[in-house]
Amino acid sequence: MAVTNYIFKVASRCNADCSYCYVYHKDDQTWKGQPRFLSLETFEASLLRIADYWLGRSGRLHIGLHGGEPFIAGARRFGQWMSCVETTLKPRGIEYQISVQTNGILCNTDIMQQLRSAGAKLFVSCDGPPGVADLQRVDHLGRPFSRQVKEFLSCLQHDWQDIYGGILAVIDPDSSPEMVMDYLEGFQPPLVDLLLPLILRSDFSDLETFQLYQHRLCEWLERAFLHYLNLNTNSQFRYFDHVLLSAASPPFERAIPFDPRETLVIESNGDYHLDDTLRICGDQFTATGKTVFEAGIPEVISSQSFQKLNALTQLPPACRQCDLQNLCGGGLPAHRWDRNCQEFGLASTCPSLYQLFHQAQEVIESFRQHRFQQQGFSDVDSKKQRTL
Ligand code: SF4
């Protein structure tokens, strides 16, 4: 398995202060010791490491610019970063796709023009209509910013379709899935990523509250999945498509869209980190102890921290009796972390995953039966034709 996905923390600070953010409001506090922005020197050194690693390989790399909030870095830095990718990777014949993740507060058309020239894609975080998004997504004065996000998305939809990558939405199990999906779909995004909240069993005061949460998440996903099956849309809801594809194509692929072993995060000081979702497991949990100035990517992959990740992507013992284990793969490693016991166990999302995959299997089975019936009838029809 190769590392194809490189997430650059181009800005370590953010103009928003969302309550669920895994960068600022969970256990990991890496951001505090980071430079505010990724320097051109660090970016270039990182890209040269990537180019060395990719020598002789084929396929497309993904270069993601994340934060914090990347747009606070301004157009001048974006211009430098874009041309640095072009002058470092292109002459070496390396195929790549740049993407940028923004919270949608600042609509900076100079930056967007830079992205357009570089063929980059822009993704916007939006959890749904104001009544949903405003509950958790606020700025540093506690003010919601869903109005700015709405304007940003309308602007992308109408004037910047070529750089419009899609929307990322963290699921709020207390919201109406139909209302959230219809709202997001109204901006005609090419892609919608519905993300399971990064919540652990130990985030709840008692078992009963935790089970209530699990129940609400189950119900949300069940309704959302059914809604998607009936939604007349050109937007791809990636998670559901992936689940359906996995259920339809044995030997089953695991239904985690991204394997965390394919991702490396590069902090604004040049430190390599593991996949971002694992930050909820503790301060410095994702740290590899390596930096782009001293180590190449093969060295990071063979480091102890990456070996730890290899172990975490195996099926957990708690799932070995499950009839959907090959399909589900045990869920996200981060969801399996138990802060109280300091160990990885059954995913906090398990009931939702189990139900969703069962639903997907039922949908595929009824589709197969429908096709079989159609096939049967058309066989009979063509035999009739031949007899006549
Ligand atoms: S549905 Fe639950 S028990 Fe089954 S593999 Fe997934 S996480 Fe494990």
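How many helices and strands are there in the protein chain? This predicted model has twelve helices and twelve strands.

**Figure 1. The whole chain, for orientation.** Start with the overall dimensions: the C-alpha trace spans about 75 × 55 × 45 Å along its principal axes. A compact globule of 388 residues would have a radius of gyration near 21 Å, so the 22 Å of this chain agrees with that. Buried residues come to 39% of the 388. If you take the contacts with a separation of 6 or more, 73% of them link residues 24 or more positions apart.

Figure 2. Ten strands line up here in the order 7-6-5-4-3-2-1-8-9-10, forming an open sheet with mixed pairing. Strand 7 (236-237) and strand 10 (287-291) are the edge strands; each has a single partner strand, so one side of each is left without a neighbour in the sheet.

**Figure 3. Strand 1 between its two partners.** Strand 1 (residues 5-9) runs parallel to strand 2 (residues 60-66), and five bridges join them. Look for Asn-5, whose bridge partner in strand 2 is His-62. Strand 1 is also parallel to strand 8, this time with four bridges. On that side, Ile-7 has Val-265 of strand 8 as its bridge partner.

Figure 4. Strand 8 then pairs antiparallel with strand 9 (residues 271-273) through two bridges, and Ile-266 sits opposite Tyr-272 of strand 9. Four residues lie between the strands of this hairpin, and Gly-270 takes a positive phi near 95 degrees there.

**Figure 5. Phe-293 in its loop.** This residue belongs to the loop between strand 10 and helix 9 (297-301). Is Phe-293 buried or partly exposed? It has 13 C-beta neighbours inside 10 Å, so it counts as partly exposed. Skip its neighbours within four places in sequence, and Phe-293 is in contact with Ala-45 and Gly-270; that glycine is the hairpin residue with the positive phi. For a distance to check, take Phe-293 and Cys-14: they are 279 residues apart in sequence and 26 Å apart in space, C-alpha to C-alpha.

**Figure 6. The largest nonpolar core.** Nonpolar side chains tend to be buried together in soluble globular proteins. Here the largest nonpolar core has 97 residues, and those with the most contacts inside it are Leu-122, Ile-167, Ala-169, Leu-184 and Phe-357. Helix 7 (residues 207-230) supplies the largest share of this core, six residues. Zoom in on Ala-169: leaving out residues up to four places away in sequence, it touches Cys-126, Asp-127, Gly-128, Val-180, Leu-184, Val-192, Leu-194 and Leu-195.

**Figure 7. The shell around the ligand.** Which residues surround the ligand? They are Cys-319, Cys-322, Leu-324, Gln-325, Cys-328, Gly-330, Gly-331, Ala-347, Cys-350, Leu-353 and Tyr-354. Helix 11 (325-328) and helix 12 (350-387) are the elements that give two or more residues to this shell. Helix 12 gives the most, with three. Sorted by class, the shell has eight nonpolar, three polar and no charged residues.

Key
Residues numbered from 1 in each chain as written. Predicted model: local features only at pLDDT ≥ 70, side-chain atom pairs only at ≥ 80, totals over all residues. Rg over C-alpha atoms; globule rule 2.2 N^0.38 Å. Buried ≥ 20, exposed ≤ 12 C-beta atoms within 10 Å, placed from the backbone. Contact = placed C-beta atoms within 7 Å. Near = placed C-beta within 6 Å. Nonpolar A, V, L, I, M, F, W, Y, C, P; charged D, E, K, R; others polar. Pairing = 2+ DSSP bridges. Core = buried A, V, L, I, M, F, W, Y, C linked by C-beta atoms within 7 Å.
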